[in-house]
Amino acid sequence: MIRFNLSNAYNYYNLSNPYNPYNPYNPYNQPMTSNSNQTVFATLTSSYVAVKLASGLAANTANLLFTGATNGSVITDILFRSTETSTARNLDFFIGSTATAENNLVQVSIPANSGNNGSTALASLAALAPAVFDLDLAGNRVITIESGVPLYVVNKTALTADIYVRLKTRGF
């Protein structure tokens with residue numbers, strides 16, 4: 001014997017009930033005010049923030065990459081293009097203050113010429129350090145940045161060529 005649950009189909013088409021979750025006029029169907037995966041995962045804006053770490057930048061210089069939007073943000077990836085021709089460069093990422101060692105999220109090594117010469121691939125944080133990403137409800141890898149919280153990059157040695165850092169972000 002096969003049983004069908006028609007209650008969901010009935011609820012979907014029974015829009016006369018104002019509290020039906022499928023009814024677009026349901027007073028409880030309000031815009032999300034939280035970025036918690038326990039409620040809903042929907043972003044309102046997306047942006048591609050680019051920062052140049054210029055040649056000659058002194059070692060251990062903190063550069064602000066991003067600050068979380070009013071209702072929080074997620075970073076879906078950070079991409080790196082290096083014009084350094086011979087030496088890989090290490091970069092630290094801090095969420096919050098750079099003065100606190102515990103805020104250091106990860107250190108990654110950016111290959112020389114990554115994304116710059118047509119043969120070395122663009123470097124990606126998702127590929128270099130996948131463990132720092134969480135999974136949202138849709139299975140996307142994200143780093144959640146709460147409202148007003150800064151994300152910094154710190155070069156570990158003096159730069160002899162430019163490194164370009166591009167963040168792929170979404171805000172709530």
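Leu125 sits in helix H2 (residues 125-128), where a helix means a DSSP run of H or I at least four residues long, a strand is a run of E of at least two, and both are numbered from the N terminus. Leu125 is buried, with a relative accessible area of 0%. Here buried means under 20% relative accessible area, exposed means over 50%, and partly exposed is in between (1.4 Å probe, protein chains only).

A word on what you're looking at. This is a predicted model, so local features need pLDDT of at least 70 and side-chain atom pairs count only at pLDDT 80 or more, while totals for chains, interfaces and linings use all residues. Residues are numbered from 1 along each chain as its sequence is written, and side-chain values use heavy atoms, with hydrogens and water left out.

**The overall layout**

The protein chain has two helices and ten strands. Reading from the N terminus, the order is α-β-β-β-β-β-β-α-β-β-β-β. Of its 172 residues, 34% count as buried. Take the contacts (heavy atoms within 4.5 Å) between residues at least 6 apart in sequence: 72% of them join residues at least 24 apart. The accessible surface is about 10,000 Å², and 53% of that belongs to carbon and sulfur atoms; areas come from the Shrake-Rupley method with a 1.4 Å probe, and for residues only the protein chains shown count as cover.

**The core around Leu125 and Phe80**

Which residues touch the most other members of the largest nonpolar core? They are Leu53, Leu65, Ile78, Phe80, Phe93 and Leu125, out of 26 residues in that core.

Leu125 and Phe80 are 45 residues apart along the chain, yet their C-alpha atoms are separated by 8.1 Å. Leaving aside residues up to four places away in sequence, Leu125 touches Phe80 along with others including Ile78, Val106, Val108, Phe133 and Ile143. With that same exclusion, the contacts of Phe80 include Leu91, Phe93, Ile110, Leu122, Tyr164 and Val165.

**How the strands pair up**

Two strands pair if DSSP finds at least two bridges between them. Phe94 has a partner in each: Asn104 in S5 and Tyr152 in S9.

S8 has its own set of partners. S3 and S8 pair antiparallel over three bridges, with Ser73 opposite Ile145. Strand S7 (residues 134-135) is joined to S8 by two bridges, also antiparallel, and Leu135 is bridged to Arg141 there. S7 and S8 form a hairpin with five residues between them, and Gly139 in the turn has a positive phi of about 85 degrees.

**Two asparagines with positive phi**

Most residues other than glycine have a negative phi. Asn60, in the loop between S1 and S2, has a positive phi near 60 degrees. Asn60 is partly exposed, at 48% relative accessible area. Asn113 has a positive phi of about 65 degrees and lies in the loop between S5 and strand S6 (123-124). At 15% relative accessibility, Asn113 counts as buried.

**Salt bridges**

A salt bridge here is a side-chain nitrogen of Lys or Arg within 4 Å of a carboxyl oxygen of Asp or Glu. By that rule there are four, and these are among them:

| Arg89 | Glu84 | 3.1 Å |

Arg170 lies in strand S10 and Asp136 in the loop between S7 and S8, so the pair ties together parts that are 34 residues apart in sequence. Asp136 is buried, at 5% relative accessibility. Asp92 is buried at 4%, whereas Lys156 is partly exposed at 31%.

Key:
Core = buried A, V, L, I, M, F, W, Y, C linked by side-chain atoms within 4.5 Å.
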